[in-house]
Amino acid sequence: MAGGVRGGLPAGVEIRGEFRPCYESILTHEALAFVAALEREFRPRVKYVLQCRKEQQARFDAGELPRFDPATAAIRDGDWTCAPIPDVIADRRVEITGPVERKMIINALNSGAKMFMADFEDSLAPTWDNIVRGQINLRDAVNRTITFEDTARNKKYELKEKTAVLLVRPRGWHLPEAHLEIDGEPATGALVDFGLYYFHNQAAFRAAHGQSGPFFYLPKMQHAREAALWNAVFERAQAAAGAPRGSVRATVLIETLPAVFQMHEILYALRDHSAGLNCGRWDYIFSFIKTVRAHADRLLPDRVLVGMTQPFLRNYTELLIQTCHRRGVHAMGGMAAQIPIRDDKAANDKAAELVRADKLREVRAGHDGTWAAHPGLVPMVLEVFDANMPGANQVHVKRDDVSVTCQDLLQMPKGVRTLEGLRLNTRVGVQYVAAWLGGTGSVPLYNLMEDAATAEISRVQNWQWIKYGAMLDGELVPTRVTRDVFQRVLAEELERIEREVGAPRFRAGRYQQAAQLFARQCLAEQLDDFLTLDAYRHIVRLVPSSRI
Ligand SMILES: CC(=O)SCCNC(=O)CCNC(=O)[C@H](O)C(C)(C)COP(=O)(O)OP(=O)(O)OC[C@H]1O[C@@H](n2cnc3c(N)ncnc32)[C@H](O)[C@@H]1OP(=O)(O)O
Ligand SMILES: O=CC(=O)O
Ligand SMILES: [Mg+2]
């Protein structure tokens, strides 16, 4: 029902999701008109970049491997830099991340981290309610009026005086927003997230941050043409809002294999709006498998063995640092998956040590900052960066020693493939999808943070092993991963999940549905591009539309 849109719906706009009274201040006539204008102008380009992805993948499937594009050598070799970094984000040594959930936003802003990346992406299940409430929460955060009351625990939340600076990550180009139609077609999720946030907050944000911002993180891009599209969106939004050109700044996640060959080009496309690049390691591993899916000789080892010291990942991070520093912008590190473990000091110390080692590696390599998954980790990560990065950043560390070739980026990680790896992928994948279908996009599982990117690794790795009949190491009799082996593992792991979570929670949860969805994806003849695209159909809730 759209009965609550103040000023009525703009022509051609339909709200197909439920309209709750609290949505009124976000889904206004003017805000929807702003989003519709972006959608009308950029929808053809969004479709074009997605079509280009398909064509590029078809070439990889035909045997090509990703490489640096000879046509853009002049950009890679040229002597140019991005626009100077605004003071307010010069020092971003620790960035906490989390979904746009009200209590978590307050906790993250209060965490002591320099920045907070509020996420509509990997860590959010994009139900209509999560999306619109996320916008309400961010608006209240920008205006510093956000509060939360946990009545069950009699606990009140409000902002401290000094808080982290907000960065917002909209959805990737591939995800539609089915609950909002523009001219009869679902809107582009990325433009809805960006458009609503920018419309409601740009002025207040800039007023509070020396006329800089708002700041964004841009996910899952594969090519500089996608960055050029974002750049055009920024130009258009700034002009429409009367905001200074270049006030918006965005950090691009280099989290697909094709994108690592396009880093200079991506920065060049966004050079007036860039705040650097980030090593999105989890999606990068997922994308590595996805990109080489037709190459039977490129099977990855167990997911737990694909760590940041594997040469292909080390090479990617070092090349990213060199690229960013050459162009005068930040090279941000990524997310260690370990989170604090309550009630087990030894395990907690071990997890903290793994995070510390990861952050130490990052700061010593030249990263200007990094991500933390949990407020409990922020002090330790700060300490590591404080001890090793005396200035606000280390953009001056040029890393001219780094020399990385195509082959270095495509080097296969080493390690075993085990039945336990298949089991863990399955157990984690099913539980994650069950949570996602229930509206939660990041969860603690077996003491690790799991989100859409980590779950994707589990899915595509299972698919790859089944598709090519991977031989498992360490079995008494030679064991190949077949469809039957996977089905047996799935049944056993579902039983184990039921034992672990208990029968009542298992029955009330969406585990069976998740298992079906996950299995369909692992067993598909052709690999699906995204787990969440398939799963999205199960969280869409359309209501009869009524135009005002
Ligand atoms: C691949 C990528 O894209 S990585 C980036 C995307 N992923 C993320 O951002 C994940 C962020 N982290 C999280 O979502 C959470 O830490 C989880 C789900 C992994 C674990 O959360 P929980 O089980 O709630 O952890 P836990 O019970 O220890 O939380 C303790 C407190 O810290 C808060 N908290 C935990 N993580 C965060 C966070 N990232 N931001 C803000 N607050 C947080 C909890 O809300 C809770 O608050 P309370 O004590 O006031 O109730
Ligand atoms: O978004 C981050 C990632 O690692 O994926
Ligand atoms: Mg990601």
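Is arginine 169 buried or exposed? Buried, because 26 other C-beta atoms sit within 10 Å of arginine 169, and the cut-off for that label is 20 or more. Bear in mind throughout that this is a predicted model. Here are my notes, point by point.

1. You'll find arginine 169 in strand 6, which covers residues 165–169. Leaving out residues up to four places away in sequence, arginine 169 touches Met117, Asp119, Phe120 and Glu121, as well as Phe216, Tyr217 and Pro219.

2. **The annotated pair.** An unreviewed UniProt entry lists Arg169 and Asp451 under "active site". The two are spread over 283 residues of sequence, yet they cluster in space, with a largest C-alpha distance of 14.4 Å.

3. **Aspartate 451.** This one is in a loop, between strand 15 (448–450) and helix 15 (452–467). Aspartate 451 also counts as buried, because 27 C-beta neighbours fall inside 10 Å. With residues up to four places away in sequence set aside, its contacts are Asp122, Ser123, Gly441 and Ser442.

4. **Ligand 1.** Around ligand 1 there are 23 residues, and the ones that come nearest are Thr97, Gly98, Asn107, Asp122 and Ser442. Strand 2 (94–99), helix 3 (102–109) and strand 14 (443–445) are the elements that give two or more residues to this shell. Helix 3 gives the most, with four residues.

5. **Where ligand 1 sits.** Both domain 1 (13–408) and domain 2 (416–536) give residues to the shell around ligand 1, so ligand 1 lies between the two domains.

6. **Ligand 2.** The residues surrounding ligand 2 are Asp122, Leu253, Glu255, Gly280, Arg281, Trp282, Asp283, Gly334, Met335 and Ala453. Helix 9 (residues 281–291) gives the most to this shell, with three residues. By class, the shell around ligand 2 has four nonpolar, two polar and four charged residues. Asp122 turns up again here: it is among the residues nearest to ligand 1, and it touches aspartate 451.

7. **How the domains meet.** The domain assignment gives domain 1 (13–408) and domain 2 (416–536), and their C-alpha centres lie 26 Å apart. At the boundary, 30 residues of domain 1 are in contact with 33 residues of domain 2. On the domain 1 side, helix 9 and helix 11 (345–365) are the elements that give two or more residues. Helix 9 gives the most to that side, with six residues. The domain 1 side has 19 nonpolar, five polar and six charged residues.

8. The unreviewed UniProt entry lists residues 165–411 as "domain: Malate synthase TIM barrel". In the model, that span is 46% helix and 15% strand, and its end C-alpha atoms lie 37 Å apart.

9. **The chain overall.** The protein chain has 19 helices and 17 strands. A compact globule of 548 residues would have a radius of gyration near 24 Å, so the chain's 23 Å agrees with that. The C-alpha trace spans about 70 × 55 × 50 Å along its principal axes. Of the 548 residues, 49% count as buried. Among contacts with a separation of 6 or more, 77% come from residues 24 or more positions apart.

Key
Residues numbered from 1 in each chain as written. Chains lettered and ligands numbered in written order. Predicted model: local features only at pLDDT ≥ 70, side-chain atom pairs only at ≥ 80, totals over all residues. Near = placed C-beta within 6 Å. Domains from an automatic or database assignment. UniProt positions renumbered as here; feature names shortened; annotations may be inferred. Buried ≥ 20, exposed ≤ 12 C-beta atoms within 10 Å, placed from the backbone. Contact = placed C-beta atoms within 7 Å. Nonpolar A, V, L, I, M, F, W, Y, C, P; charged D, E, K, R; others polar. Rg over C-alpha atoms; globule rule 2.2 N^0.38 Å.
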